[in-house]
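Good morning, everyone, and thank you for letting me take a few minutes of the meeting. I would like to walk through a few residues, one after another, so please have the picture open while I talk.

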Amino acid sequence: TLVGHPLDTIKVRLQTQPTPKPGEKPMFSGTWDCAVKTIKKEKLWGLYKGISSPLYGQAFLYAICFGSYGWARRVQMDTPESQLNLFQIFNAGCFSGVASTIIMTPMELVKIQMQVQYEDSSKARYKNPLDCMVQIYKKRGIAGIYRGTTSTLVRDVPGSGVYFAGYEIIKRMFIPKDGTAADLQPWHYFMSGGLAGLSGWMFMLPLDTVKSRVQAAPEGTYRGFFDCYKHIIKSEGIPALWKGLGAVSLRAFPANAACFFC
C-alpha cells in the first residue's frame, strides 16, 4: 500500500479529471505529468491522499477475498485432493469478488473522495478519511457509504475471476512435465502473481474507470454504472476508458506479486 498508493492516486486523478473543452488541454496529459503537477502543488503528501482508508481496510479485504476464494474452491471439490479446472477457479474468483464488496465499496469511496481533492488542504472539503466517512454518513447514511456498490460488483466479480484463473494458468505453466506444484520455487509464485495482476488489471481498467467516476462525481451526476459508461463513450470516446493505463501497469505487477509471494 505504501509503495503502490501514489500510483493509484495518479490513476484515479487521470480517470476522473474534467473533460477539456474544445481547444483546451487536459488537466493532466499522462502519468508523469500528473505526478509532477501533484507534487508541485501539494508536495509529496498529495500522492498519499486517502491512504489510511486502504491501509486500515486492506487486511480485512484480503482476509475476505482469499478466505471466500478458498471456501468457494473447497465447495467445488469432490475430494480434498481434487484439482479444479479453470472454469471452477474462475467461479471461485467471481465469488470472492462478491464477498469482498462489503469492504471494498466504502474503502474505495473514501479513498477516491480524498484523492480527487486537488487543492490546498485549507480549502479541502474533507480533512481526512474518517472525516470524509462521517460527513457522507451524516448526509446519506449507509446508502451514501455504499455508493458505487453496483459499479464495484461489475468490476470485481469478473475481474477477480480473471485474476485467479490467470494466476492458475501461469502457475501451471511453470510446473515441470510430469511434475506437481510441489516442484515450484518461490520465484514461480512471484511471477505468477505479478503477471496475473497485470493481466487482471488490463481487463478491469475500463470497468475501474467507470467505477472511479461514479464514486468521485457529486451524488446524482450519474444514475449508475451504465449511465456513466454511456456518458464517457458519448463525450470522450472509448480511449477515455483506458486513462491511467501507465500508472496501473507500473503498479499491478509488484503489488500482486507480493500477495502470492509473501
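Let me begin with a question for you to consider while you look: is Q17 buried or exposed? This is a predicted model, and in it Q17 is buried, because its relative accessible area is 6%, which falls under the 20% cut-off for that word. As for where to look, Q17 sits in the loop that runs between α1 and α2, the latter being residues 31-42. If we set aside the neighbours within four places in sequence, the residues in contact with Q17 are P26, M27, F28 and K243.

Now please turn to L2, which is found in the segment before α1, residues 5-16. L2 is exposed, with a relative accessible area of 53%, and together with V3, L55 and Y56 it forms a nonpolar patch on the surface, whose accessible area comes to about 490 Å² in total.

Finally, the cysteines: how many disulfides does the count give? The count is 0. For C34, the nearest cysteine sulfur belongs to C228 and is 19 Å away, and for C132 the nearest is again that of C228, at 18 Å, whereas a disulfide would need the two sulfur atoms within 2.5 Å. C34 is buried, with a relative accessible area of 0%, and C132 is likewise buried, at 0%.

Methods. Residues numbered from 1 in each chain as written. Predicted model: local features only at pLDDT ≥ 70, side-chain atom pairs only at ≥ 80, totals over all residues. Heavy atoms only, no water. Patch = residues over 30% accessible without salt bridge, like charges linked within 9 Å, V, L, I, M, F, W, Y side chains within 5 Å. Areas by Shrake-Rupley, 256 points an atom, 1.4 Å probe, with all protein chains shown as cover. Salt bridge = Lys/Arg side-chain N within 4 Å of Asp/Glu carboxyl O. Helix = DSSP H or I, 4+ residues; strand = E, 2+ residues; numbered from the N terminus. Buried < 20%, exposed > 50% of the residue type's maximum accessible area, 1.4 Å probe, protein only. Contact = heavy atoms within 4.5 Å.
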